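Please look at the sequence and the 3D structure together, and keep both in view while reading the report.

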Amino acid sequence: MHLFTLEFGSLLTYSPHGNSEPEQLSRTWMQHLKNDRPISNPPILMSELISKIIKEKMETLPFDHFFKISPILVPIPKSSLTQPGTLWVPQRLANALVQNGFGKTVEQCLRRVKALPKSATSLAKDRPKAAQHCDSLEIQKMLSEPKEILLVDDVVTRGATLLGAANRLKDAFTRANIRAFAAMRTISNPEDFKDIHDPCEGKITLNDEETRREP
């Protein structure tokens, strides 16, 4: 582990604990995102909706420069070992973004070789650390070393998965600039929740073994 800070951007937020109508709606959006189900009227897959919103609002988004440098998009693998034909939402998000002109290509160069407990269903103390994510991933080499890499994930909480993946990529592509994009971020404290649509640019940092995400 030699990357201790990772820039990230996210488009949406959800509140796992709040009881207001917007917070409850945010959980519905999160479930639709996790399963890439259709939403809105007329119905549109969440992966396609995310890409559409970014295209429409690009000039006002705080992370617009992440995409304007034409990065290679690398989807984050699931915590379990991927089986053929299973749903892989980060891959769908990355494909939708490239289809709308954001990013050069999608490269599935990260592969999970050791299954980890799912963070969303684990107690905070049992969630895998960034180093565990790094050690559980394997790189499938690309033909040439990319200059710009953008990791793509569906939901970011503390950021251990993204930081671990970024470190594994940095081992293989030492000269690449690596950033991350998550379609949605978790807002644990209901008082900090503003709206489902709450774009941000921030940082994920590693302190000892713990990751911290701001904002």
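Predicted model: local features only at pLDDT ≥ 70, side-chain atom pairs only at ≥ 80, totals over all residues.

Residues are numbered from 1 along each chain as its sequence is written, and side-chain values use heavy atoms, with hydrogens and water left out.

**The cores**

A nonpolar core is a set of buried Ala, Val, Leu, Ile, Met, Phe, Trp, Tyr and Cys residues joined through side-chain atoms within 4.5 Å; buried means under 20% relative accessible area, exposed means over 50%, and partly exposed lies in between (1.4 Å probe, protein chains only). The largest such core has 34 residues, and those with the most contacts inside it are Leu11, Ile50, Ile54, Phe67 and Phe181. Among the elements that give two or more residues to this core are strand 1 (5-14), helix 2 (46-57), strand 7 (148-156) and strand 8 (177-186), where helices (H or I, at least four residues) and strands (E, at least two) are DSSP runs numbered from the N terminus. Helix 2 gives the most to this core, with five residues. Apart from this core lies another one, of 30 residues, which includes Ile76, Ala130, Ala165 and Ala166.

Contact means heavy atoms within 4.5 Å. If neighbours within four places in sequence are left aside, Ile54 is in contact with Leu11, Leu61, Phe63, Phe67, Leu97, Phe102 and Phe181.

**The cysteines**

How many disulfides does a search of the whole structure find? With a disulfide taken as a pair of cysteine sulfur atoms within 2.5 Å, the search finds zero. Cys109 is in no disulfide, and the nearest cysteine sulfur, that of Cys134, is 13 Å away.

**Accessibility compared with the cut-offs**

| Residue | Relative accessible area | Class |
|---|---|---|
| Cys109 | 1% | buried |
| Cys200 | 6% | buried |
| Val156 | 3% | buried |
| Asn207 | 55% | exposed |

Val156 lies in strand 7, and, with neighbours within four places in sequence left aside, Val156 is in contact with several residues, including Phe8, Leu162, Ala182, Met184 and Ile204. Val156 and Ser136 are 20 residues apart in sequence and 18 Å apart in space, C-alpha to C-alpha. Asn207, for its part, is found in strand 9 (residues 197-207), and the C-alpha atoms of Asn207 and Gln108, which are 99 residues apart along the chain, are separated by 29 Å.
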